[in-house]
Amino acid sequence: MTAYSMMSVVFFLILLLVTTPAHSFAHTKHSQPEASNLTVGNFIDFSQWLGIDYGQPTLRKRYDYVIVGAGPAGSVLATRLTEDPAVTVLLLEAGRAEIPLVTTVPLGAPNLQSTDYNFAYESEVQTRGCLGLWDRKCSWPHGRGVGGSSIINYMIYTRGNRRDYDAWAAAGNPGWSWDEMLPYHIRSERANIRDFDRNGFHGRDGPLSVEDCPYRSTIATTFVESAQQAGYPYRDYNAGDQIGVSFLQANTLQGRRVTSGNAYLYPARKRPNLHILTRAWVTKVLINKATKEATGVVFVRDGKTKSVKAQNEVILSAGAFESSKLLMLSGIGPADHLQSLGVPVLQDLPVGELLYEHPGVFGPVFIVRKPIDNSITLDGDINFSNFIQYLKGRGVFTTNSVESLMYVKSPVAASPDPGLPDVEVMQAFSSIDYDTGTGTPRAFRLTNTTFEGYFRPIMNVRSFQYLPMLLKPYTRGKLRLKSTNPFHHPVFQYRYFEDDRDIEALVYGMQEAIRVTSQEPFRRIGVELYRKQVPGCEQYPFGTHEYWRCHVMTLTATFHHQVATCKMGPPSDPEAVVDHELRVYGMRRLRVVDIGVVPFPFTAHTSAIAFVIGEKAADLVRDAARKEDYRSREKHSSRPPAHSFLWSPFEWSFK
């Protein structure tokens, strides 16, 4: 066996090991996280030998800043603050270091969601969505590790529409408009995009690589050509306007995954003023009750409970779910909910009262009748030749499967602005049947009935699919504590498609995908719509409006873009948790710096927004330190009464 083939075998053995379920010997203890996603990696820490070495710092009793969470925003913030050697930062992360041999391969994204890099959250049992999934629950992935969700996401880099940022600012949040946030996008970015990287909207010197995927199938080029024939302009959707079509811009570097860990923290890891502590699960924020001032945090590591103090600020950057949970465990949240669990209330705020999601759908699926390539199954693509191509930064391993994006506006969109889309259609080079193993079906929670009945029949046929995603949902939910046990998952009170217009928008996106795929360029390569009915939808004639509605409700997808649990807003906004400087209302020296502060669903994949939240937060934090301004900001009103919604982003006038 050659050295290269040996490396190939080693790589896939490691991937198999860290994704193998450990249900046979998993058990839950009160002092440990829930066991819903336990793998061999939970019991054998492969990162000790194969992961990035972030050191084993000797902790100080006090740091200038304690940051909780090493996801995109937290990693950026820790890196930027410690550019000043006089500033000390402790970055606490509940998960482990990345294992580059496994985590950097884009095509392995679905399998990474079956590892302990994922908190493995689940939605509630659904009645109008996720009907073809295990227990009628959708998977809600949430990253756990240095890099956060950028370890397990699909590396899709979309900033959002300029109208979203302007609406963000117009809602009473100065400093967050498109013109004010674009410089942060440019500062973070190192672009290598063949058609657009010199149009004035992209950076070339930042830590975060954004590039065209090195692999581009015939399906991708045909889709972009056909979409243009169908009336969608070819455009850079990261330049502020989006209605149109373009090839994917991804957070990869020469075809390898780029995370906040390897882009920001890895180059900074040896700074003496930056301590990065992995496997440190923060359970509470320490707060001086008399002054309502955050003074530090409590965390558990290696079975021991420890505490650390913050001289300047405690900054929560644990994501839309964990930051909210930690605030409530610390006595900051809805008073009635906290009191029902026996948590002493320090500050009555609507933490978790608002939760938006980007729902989507798997399909429609298409068959390719003419030979265009050999990418029929994953097993067939796992070979020596493709592995060598990957080492050279090329080939099928460098794709996450999504290759192109198209932005459309449905008839049920709330905003009248013709430039603000409400559906994104992702084009994938294959369909779910491409993975003949259990990794992808397991990641998406597909039942055996669904997979065997719909995808199995085309397993050895060249096929591809679309993934329409709803960008502007009407449905909204809530996040609640399950208990006072800090290791319990939160409860998500979210009902998919509670508002029927969400289904209608996705059906429109599917129909637009079908219209585009009926254009002449697709006919040239023998593409036809896969007409087998989804199990559970047989009562509706294929292709009817009712059939596509059933398809949406059965093959529901999630893209882990939940926002607004710690919503940003002015003091007069009863739903707001933080102000425009990310400070928690009524508290001193406490901020939230992650996508939970985003006040409404963006026309974006949230990772790009999280990076610039971190970039902007660094300026806000440094400015506060320069001014020694740690005053609390009070709200003008209390939490909103039941069924009272003060504002909606859809009601604003867009320019």
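**View 1. A120 lies in the loop between α6 (109–112) and β3 (121–122).** Helices (H or I, at least four residues) and strands (E, at least two) are DSSP runs, numbered from the N terminus. The model is predicted: local features require pLDDT of at least 70 and side-chain atom pairs pLDDT 80 or more, whereas totals for chains, interfaces and linings use all residues. Residues are numbered from 1 along each chain as its sequence is written, and side-chain values use heavy atoms, with hydrogens and water left out. Although A120 is not a glycine, it has a positive phi of about 60°. A120 is buried, with a relative accessible area of 10%; buried denotes under 20% relative accessible area, exposed over 50%, and partly exposed in between (1.4 Å probe, protein chains only).

**View 2. C130 occupies the loop between β3 and β4 (139–140).** This non-glycine residue, C130, has a positive phi of about 60°. C130 is buried, and its relative accessible area is 0%.

**View 3. A cis peptide bond joins G363 and P364.** Omega for this bond is about 10°. P364 belongs to the loop between β17 (359–361) and β18 (365–368).

**View 4. Three strands form an open sheet in the order β5-β6-β8, with mixed pairing.** The edge strands, β5 (189–192) and β8 (249–250), each pair on one side only. Two strands count as paired if DSSP finds at least two bridges between them. β5 and β6 (residues 208–212) run parallel and are joined by four bridges. A191 has V210 in β6 as its bridge partner.

**View 5. β12 (residues 281–288) and β13 (residues 293–301) run antiparallel, joined by seven bridges.** N288 stands opposite E293 in β13. Four residues lie between the strands of this hairpin, in which K292 takes a positive phi near 50°.

**View 6. Helix α20 (residues 606–627) is mostly covered, with 16 of its 22 residues buried.** The expected span of a helix is 1.5 Å times one less than its number of residues. Just after α20, E628 takes a positive phi of about 50°.

**View 7. Helix α4 (residues 72–81) packs with α20 at an angle of about 35°.** The axes are 7 Å apart; they are lines fitted to C-alpha atoms, for helices over the stretch in contact, and angles run from 0 to 180 degrees between N-to-C directions. α4 passes α20 in a right-handed crossing, that is, with the near helix turned clockwise from the far one by less than a right angle. In α4, P72, A73, V76, L77, R80 and L81 meet residues of α20 that include S607, A610, F611, G614 and E615. Contact means heavy atoms within 4.5 Å.

**View 8. The largest nonpolar core has 172 residues.** Such a core is a set of buried Ala, Val, Leu, Ile, Met, Phe, Trp, Tyr and Cys residues joined through side-chain atoms within 4.5 Å. W168, L327 and L590 have the most contacts inside the largest core. α20 gives the most to this core, with nine residues. A second, separate core has twelve residues, including Y157, F196, V210 and V258. Leaving aside neighbours within four places in sequence, the contacts of L590 include V285, A294, V314, L316, L327 and I332.
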